[in-house]
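Here is a short briefing for a first look at a new model. Keep the sequence and the 3D view open while you read.

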Amino acid sequence: MINYIWVGMFVIGLVYAAFTGNMEAVNKAIFQYAEEGVTLCLGLIFVLVFWLGIMKIAEVAGLLNKLAGLFKPILKKLFPEVPEDHPAMGYILSNTVANFFGLGNAATPMGIKAMEQLKKLNHDRPEASRSMITLLALNTSSLTLIPTTVIAIRMQYGSENPTEIVGTTLLATTITTIAAVLIDRFFYYRRKRKAAKK
Amino acid sequence: MALISSVSIWMIPLIIGIVLLYGTWKRVPTYETFVDGGKEGFQMAVSIIPYLVGMLVSIGVFRASGAMDALIDLIKPFLSAVGIPAEIIPQALIRPLSGNGALGMMTDLFKTKGPDSYIGRLASTLQGATDTTLYIVTVYFGAIGIRKIGDSLKVGFLADFVGIIGAIVVVKLVFG
């Protein structure tokens, strides 16, 4: 899918430029944006180094595990089919906490481990179980406390107050997460009703 | 709304303070641990270079050709009727499909409109409001061999849609 979008933007742009005589601007844009991509990532280094350094301390000190405890009562309600002491619950908790602190790279392996355990709970069937869809919904809505990368890029472009969007992001991501949970429940009950009719 | 602004200012210093004090209390070798984590951050920043270069050039060609503005002009009348800024639409459309694509779109808006403009703030909020549904479904279910994905994509995309609307409303209320 993403391949088509990527090529699509190129091809539409090139064809459009051919007809409107913007080819010179396109030529310039190719090299300018390529350079921009590299400069931008180099500019992200300082924030990512600092933030992941701080977060490593939180992890080693056991702070992330402690926070996982806070999330537990809520997640138990969201995953009624997962037994409380099952390893799946542990991975779901780690995945949620890692997402919450913007540690996407740490969240993904935890999420995959959680999915493996959920598949075992579902007798290894190659179909998505209720709990899997819920975990997916939680991940796609990504409850994030600090949007590190966004703040860093805002700095790169000379924002007066790069962190001013933390509050709005937190509010928006909370809305998305609540919506994701409700939508997930709606589809679950719809599936159940359909199954009951049969 | 002043509350949301102060949350924004206090959040990061507060987290850093708590982490450092808690780490010291738990006798963690704080500095060495920081350096370990920092190395991961360095690798992360470097590893996204090819993704962002690829995406930015594609977006750059699309914009410089005039095609993006033509698209925005086309949809503008419909969206301004309901109070949605048309400039945000390319980023909103690509957000559930590719995280780096959306990051490129956001960067492009910072470049052309400025990060502190209304659009710039909206683009920032939108980026953090949802995550890349398609990527997550592909990676998570691909890794464990799920072939029947059921309602997964529907749930994810609907939540993304609510997130986009949510970001627009929140930014309008706070910064509008």
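Predicted model: local features only at pLDDT ≥ 70, side-chain atom pairs only at ≥ 80, totals over all residues.

Chain A and chain B bury about 8300 Å² between them. Chain B has 9 helices and 0 strands.

**The interface of chain A and chain B**

- How many residues does each chain bring to the contact? Chain A gives 98 residues, and chain B gives 93 residues.
- Of the area buried between chain A and chain B, 78% lies on carbon and sulfur atoms.
- The interface of chain A and chain B holds 24 residue pairs in polar contact, with both residues at pLDDT 80 or more.
- On the side of chain A that touches chain B, these elements give two or more residues: α1 (2-20), α2 (23-60), α3 (63-78), α5 (104-121), α6 (130-141), α7 (148-156) and α8 (166-197) of chain A.
- Which element gives the most to that side of chain A? The answer is α2(A), with 27 residues.
- Sorted by class, the side of chain A that touches chain B has 59 nonpolar, 26 polar and 13 charged residues.

**Salt bridges**

- Side chains of opposite charge can pair when their charged atoms come close.
- Over all chains, the count comes to 15 salt bridges.
- Across the interface of chain A and chain B, there are 6 salt bridges.
- One of the salt bridges joins the side chains of R191(A) and D151(B), at 2.6 Å from N to O.
- Where do the two partners of this pair sit? D151(B) is in the loop between α8 (133-144) and α9 (152-175) of chain B, and R191(A) is in helix α8 of chain A.
- The pair therefore qualifies as a salt bridge: its N to O distance is 2.6 Å, and the rule asks for a side-chain nitrogen of Lys or Arg within 4 Å of a carboxyl oxygen of Asp or Glu.

**Chain B: layout and a helix pair**

- From the N terminus on, the elements of chain B run α-α-α-α-α-α-α-α-α.
- The C-alpha atoms of chain B fill a box of roughly 60 × 50 × 35 Å along the principal axes.
- Two packed helices are described by the angle between their axes and the distance between the axes.
- Helix α3 (residues 49-64) and helix α4 (residues 67-81) of chain B pack at an angle of about 70°. Their axes are 4 Å apart.
- Are α3(B) and α4(B) roughly parallel or roughly perpendicular to each other? They are roughly perpendicular, because angles of 65 to 115 degrees count as such.
- In this contact, I59(B), F62(B) and R63(B) of α3(B) meet A67(B), M68(B) and D69(B) of α4(B).
- By class, the residues of the contact of α3(B) with α4(B) are 4 nonpolar, no polar and 2 charged.

**Positive phi in loops**

- Most residues other than glycine have a negative phi.
- D124(A) is not a glycine, yet has a positive phi of about 60°. D124(A) lies in the loop between α5 and α6 of chain A.
- R27(B) is not a glycine either, and has a positive phi of about 55°. R27(B) lies in the loop between α1 (2-25) and α2 (30-47) of chain B.

Methods:
Residues numbered from 1 in each chain as written. Chains lettered and ligands numbered in written order. Heavy atoms only, no water. Contact = heavy atoms within 4.5 Å. Buried area = accessible area lost by both parts, 1.4 Å probe. Polar contact = N/O pair within 3.5 Å; in protein donor to acceptor, adjacent residues only side chain to side chain. Nonpolar A, V, L, I, M, F, W, Y, C, P; charged D, E, K, R; others polar. Axes fitted to C-alpha atoms, helices over the stretch in contact; angles between N-to-C directions. Parallel < 35°, antiparallel > 145°, perpendicular 65-115°, else oblique.
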